[in-house]
Amino acid sequence: MSQFVMDADWLHWHQSPSKPSFELPKGAVDAHCHVFGPGNEFGFAPERKYTPCDASKQQLWDLRDYLGFSRNVIVQATCHGADNNAMVDALLASNGLARGVATIKEDISDAELDRLHAAGVRGVRFNFVKRLVDALPFDSLKRIAERIVKRDWHIVIYFESQDLPELYDFFTSLPTILVVDHMGRPDVTKSVEGEDFALFLKFMRENENVWSKVSCPERISIDGPNKGYQDVVPFARKVVESFPDRVLWGTDWPHPNMKSHMPDDGKLVDMIPLFAPTTELQQKLLIDNPMRLYWSK
């Protein structure tokens, strides 16, 4: 029994997702997912902004196999703060089929960085979503970046589209590969050809170290699940077709902080050919790119 009680408005991950119609290519990687606890084994951080339900490594492996993925990239969840032990435990139990993205503080020791690397961590996450963090200590983040670049790690950045103008110069000053979560959460009520999304495309076009995850239509869509999140498709396809060698895809299971509904993971998989309509693009999105970024080092 977990010692933590999930938030009253917390939506539990989908208990019976549909089987995808789209057959994933052998070796496909779910390049963005999380584990939560279990809370009685890996407690949630005192400074957390939310208390989720448990979502264990075995439940993640079960979903991986059910959907047809071969590997996972587990991103440290903000509810665990900079205590990466739940994520590391999952990596060590994965038989080499999972890699990780950690959250670290500036005072982390070299020995701890070595431990994380040996477990399979290949990046760190910087969260710039203002409702999820208390402060943005840019100098500290810059110093962290300078340390992890020596290990050939990358940085995952999570921000919302309206904040890109003020963050642009900081992002372009970082010394390693940057992977943007969820296309920077574009405003899909605006045109894919509009100036807001044009700034994000410029960010990728002029900085060849910038990658993007074309994930989380359930977070970005205004139309919602009843219309199949179709308003997100033009944005994701634009990114995939413009930058085919720098895109990743992930489920975002167990979908933290969803308030309106809980997505069906099988239906999310069925959106992949809408984002990447050719076999070649699917191969890059699901296999070549994540394998190069996470398993070649």
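Tutor: Let's zoom in on F203. Skipping its neighbours within four places in sequence, F203 is in contact (heavy atoms within 4.5 Å) with I157, L164, Y168, F171, T172, L178, V180 and V210. This is a predicted model, where local features need pLDDT of at least 70 and side-chain atom pairs pLDDT 80 or more, while totals for chains, interfaces and linings use all residues. Residues are numbered from 1 along each chain as its sequence is written, and side-chain values use heavy atoms, leaving out hydrogens and water.

Now the helices, which are DSSP runs of H or I, at least four residues long, numbered from the N terminus. Helix 5 covers residues 164–173 and helix 6 covers 195–205. Their axes (lines fitted to C-alpha atoms over the stretch in contact, with angles from 0 to 180 degrees between N-to-C directions) come within 11 Å and cross at roughly 5 degrees. The two helices are therefore roughly parallel (an angle under 35 degrees) to each other. Where they meet, helix 5 brings L164, P165, Y168, F171 and T172, and helix 6 brings L199, F200, K202 and F203.

Next, the core. F203 is among the residues touching the most other members of the largest nonpolar core, which has 86 residues. Such a core is a set of buried Ala, Val, Leu, Ile, Met, Phe, Trp, Tyr and Cys joined through side-chain atoms within 4.5 Å, with buried meaning under 20% relative accessible area (1.4 Å probe, protein chains only). I74, I157, F171, F200, V239 and W249 are listed alongside F203. A second, separate core has 12 residues, including A31, V73, L248 and W295.

Key:
Buried < 20%, exposed > 50% of the residue type's maximum accessible area, 1.4 Å probe, protein only. Parallel < 35°, antiparallel > 145°, perpendicular 65-115°, else oblique.
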